Amino acid sequence: MGKRMKRLGTAAVCLLLAAGSPTTVRAEEGYTYNYSYWGEVQASPDAYRVSQVVTSSALGLDVNLKTPEGLFVSGDRIWLCDTGNSRILEIQAEDSGTLSLVRSIDSFHGPDKDEAFAAPTDVAVGEDGCLYVCDRDGQRIVKLDGEGNLLQEFTKPKDANFDQDLAFQPEKLAVDSAGRVYCVAVNVNKGLIKFEADGSFSGFVGAAKVTYDLADYLWKKIATSAQRGQMESFVPTEYDNLYMDEDGFIYTCTGNVTAADLDSGAADAVRRLNMMGNDILVRNGEWPVLGDLEWEEGGGYKGPSLMQDITAMENDIYAALDRVRGRLFVYDDQGRLLFAFGGNGSLDGHFKEPSALEHMGRNLLVLDALAGSLTVFTPTEYGTLIFDAMDQFQAGDYARSGETWEQVLELNGNYDLAYIGIGRALMRQGQYGEAMEYFRLKWDDENYSRAFKQYRKEWVEDHIFLIFGAAAVVLCVPLAAGKLRGIRREIDTAEIFQK
Amino acid sequence: MTNKKQISGSRYVRSLRYALYCMSHPLDGFWDLTHEKRGSLAAANTILLLTLLARILKLPFTSFLFLQVNWEKINIFLYLASVLFPLALWCVGNWGLTTLFEGKGRLDQIYMATCYAMTPYPLIQLPLILLSNIVTQEEGQFYMVLGGFSLLWAALLILAAMMEIHEYRLGKTVLFTVGTLFAMLVMIFILLLFFSMISQGIAYFVSLGREIIFRM
C-alpha cells in the first residue's frame, strides 16, 4: 500500500515535471528580431535554428580548420576554403542532412609539376564544372578541371587602368555562365575586376561612386598639403564580397563604410549590379538596406553593421552577414527586412569571427574563421511559412499566399510584412476595402493608395445615382429658394397690397 | 437685461463674421478692426481655439498617407504649445519693438489682429482633413498645395494686419516683422539662459545642503 502510494507520488512528480518543462528548446530572448515602422526593435519567433555546427573532427580531418574564409555551394556540394591550411575541402550534403567529406584538395597538376595553393580565400564552380580558386598569396586565380589539372591562370592585369605597383591579391570571386570571372582584390577600389573567359582583363565593373560636397572640396583647395594628408581622402569604397545570383546579377557588399556616409545615403552597404555595373537593388522598404538601425554602443559593440558576405536565395530574397555583431539580415526582393538573427559568442548560432555566408536551398551556412566551424541554419516553421507565402505570391497563387500569411500572423502578431502580404493577396482578389484596412494598420501608403483608388472607383460606380441626386439637390435647392424669395418679394411689393 | 445680452451676443457674432471680411479685404478690414472697433477679443479667442482645434483634429483624422502620427511620442500640451508659445512671443516681441517706433497698436490689439489673421488656417485645414481621406497618394499634391496655401495666406494676413494697426508703410512693416522674429529668438535665448542659471543656482544650494548634512 505504502509502496504503491510512493510510486504514484513519483509518477505524479514526473508528470508535473514533464508538464512544467517546455517541449521545445527555446532560444534566448531577442535572438531573432525585426524593426517596426518606427524603427523600433520587435522580438520575433525564430525564423532559423542551428541544425548542426560542423568542425574538422566531424568531417574526419586530422588538422583543424585554420582561418577558413571562402565558401561556395553548388547543388548538394559545398566547397570550403581552409585558407590557413592552404587546402580546399569538398563536402557532400546527404539527404539526411549530415555533411561528409568528399575530398581535400591541397595541390593540383600544373603544366610542369604539381603545385600547391598559397592561402586560397575563395572558390567558385563554373557552369562547366571547373573549379575557380582565388589563390591570394599566389597572386592569381586558378581554373582547375575535375581531375585537378590546371587549365588556366588569371594573373595581374597588364593594363594601364590597373596600378602596376600593386600586388594582385584576389580575395573573392564569382563566375558567370559564360566563364567570365569577377573578383575583389586587396587594395583595389575601382570596382570588381572583370576577366574574360580567355583570361584577358576587360576592365572594372560597378565602381562605387565618389561623392563629396562643395564644402569638402573648398576645404581641400585652401588646405596645405600637410593638412590635406590629415583629411579623409575621396576614394571610392572597396567591396568586401560578391555573389552571383541565378539571374546573373551580382550582389556586392562592403564593410568599408562610415556611419556618416550610411546616414546621409552616400554609401551603400549592399548593391546589386547589372551587366553595366549599375546598382539596381530595389530599396522600397521603410528603412535602408544596412543591417542594424541602432548603432549605439551595446554589449561592447557600436557603429553600423559592416557586411562581410552576402548570398541571394529564391525570389530575390538575400541575406547579408554583419561581422561587427555577428548577425544575419535577411531581406526580400523589395529591400524590406524579413528578420535578423545571430550574435557574437561561443554558443551555437553565435559567431566569433564570421567570414563567409552561403545558402543551400533555404538553409544558410555560415563559416567562422576563428572558431574554424561551419554552422548550418535550417528554417523553422515560421521561417518556412514566410518563404512559402512569398513563393506563392510570386507564382500568382494569391489566395493561398494570403492564407499562408494568416498562419505567419498567428505565430507573430507583430509581423508587418504579414499584414501587408494579406493585404496584397486581398487586393489581387478584388477585396479592396479589407485590403485597405490591412495596409492602414502597417502604414503601407503605396499599396493603400492603390487599393483605395479601386475602392473609390467601385464606390462611385455603386453610388452614382446618389451622387447625381445630391448634386441636383445642392444645385436646385438654392435656385428654388431664390425663386421663392423673389415671388414673395413681388407679392410684398405688389401695388395691390401697398394700399 | 436680456435685451443687452442679445445685443452683445450679436456683436460677438458680427465681430466673428468680420474675420471673413478681413480675410478677403485685409487692408481695409484690419484698419477698421481697431480703428472702427469692429473686432472683439472674444472673436479673436474663438479663432485661436478653432486653430488649435484644427491642429488637434488633424492628428487622428488626416489620412496616414499625409500625416503619420506616432501616438506614443505625442504630448498634446507640447503640441498645442507649438502654436501658443510662438504666438505669445510674437505678440510681446512685436509690441515691445513697435511701441518704441511709433507703432499705434496696443498689446491686446496686436493679439487680436494676429488671431484674426490666422482665420485661413482653420478654414482651410478643417476641410482638408476630409479631403485627405478621399485622395490617393498621386493626388496628394492638391492636399500639399492647399495646406501650404493656408499658411501663406495667414502669413500675408499677419503682415497686412501689423501694417494697418501700427499705421506703418509696407517697407517699415517688413523691417519690423524681421525685427520681431529676431526679438523672439533673443527672448528664447534669454529664457533658456534664465532657466539654466536658475537650475544651476538651485543645484548649487542643494549640493551645499548635502555637504553640510554629510559633514554633520
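**Figure 1. The hairpin of β14(A) and β15(A).** In the hairpin that β14(A) and β15(A) form, 5 residues lie between the strands, and A:G179 takes a positive phi near 85°. Helices (H or I, at least four residues) and strands (E, at least two) are DSSP runs, numbered from the N terminus, and two strands pair if DSSP finds at least two bridges between them. This is a predicted model, in which local features need pLDDT of at least 70 and side-chain atom pairs count only at pLDDT 80 or more, while totals for chains, interfaces and linings use all residues. Residues are numbered from 1 along each chain as its sequence is written, chains are lettered from A and ligands numbered from 1 in the order in which they are written, and side-chain values use heavy atoms, with hydrogens and water left out. β14(A) and strand β15 (residues 181-185) of chain A pair in the antiparallel sense over 5 bridges, and the bridge partner of A:L173 in β15(A) is A:C183. Strand β14 (residues 170-175) of chain A is mostly covered, with 5 of its 6 residues buried; buried means under 20% relative accessible area, exposed over 50% and partly exposed in between (1.4 Å probe, protein chains only).

**Figure 2. An open sheet of 4 strands in chain A.** The strands of this sheet follow the order β10-β11-β12-β13 (chain A), with antiparallel pairing. Its edge strands are β10 (120-125) and β13 (150-154) of chain A, each of which pairs on one side only. From one strand to the next the twist averages 20°, where axes are lines fitted to C-alpha atoms, for helices over the stretch in contact, and angles run from 0 to 180 degrees between N-to-C directions. Strands of a sheet pair through backbone hydrogen bonds, either parallel or antiparallel.

**Figure 3. Strand β12(A) and its two partners, β11(A) and β13(A).** Strand β11 (residues 131-135) of chain A pairs with β12(A) in the antiparallel sense over 5 bridges, and the bridge partner of A:Y132 in β12(A) is A:K143. These two strands, β11(A) and β12(A), form a hairpin with 4 residues between them, and A:Q139 in the turn has a positive phi of about 55°. Strand β12 (residues 140-144) of chain A is also joined by 4 bridges to β13(A), and the two run antiparallel. Along that pairing, A:V142 has A:E153 as its bridge partner in β13(A), while A:L144 stands opposite A:L150 in β13(A). The hairpin of β12(A) and β13(A) has 5 residues between the strands, and in it A:G148 takes a positive phi near 85°. Because 5 of the 5 residues of β12(A) are buried, the strand is largely enclosed by the rest of the structure. A:R140, A:V142 and A:L144 point one way from β12(A), whereas A:I141 and A:K143 point the other way, and all are buried.

**Figure 4. An open sheet of 3 strands in chain A.** The order here is β18-β19-β20 (chain A), again with antiparallel pairing. The edge strands, each pairing on one side only, are β18 (241-244) and β20 (270-273) of chain A. Neighbouring strands of this sheet are turned by 20° against each other on average, direction ignored. β18(A) is joined by 4 bridges to strand β19 (residues 250-253) of chain A, with the two running antiparallel, and A:L242 stands opposite A:T252 in β19(A).

Figure 5. Leaving aside its neighbours within four places in sequence, A:D368 is in contact (heavy atoms within 4.5 Å) with A:P68, A:F351, A:K352, A:E353, A:P354, A:S355 and A:S373. The C-alpha atoms of A:D368 and A:A395, which are 27 residues apart along the chain, are separated by 36 Å.

**Figure 6. The contact between chain A and chain B.** Chain A contributes 14 residues to this contact and chain B contributes 15 residues. The two chains bury about 1,200 Å² between them, 56% of it on carbon and sulfur atoms; buried area is the accessible area (1.4 Å probe) that two parts lose on being put together, summed over both. In chain A, the residues that lose the most area to chain B are A:W38, A:W443 and A:S449, together 36% of what that side buries.
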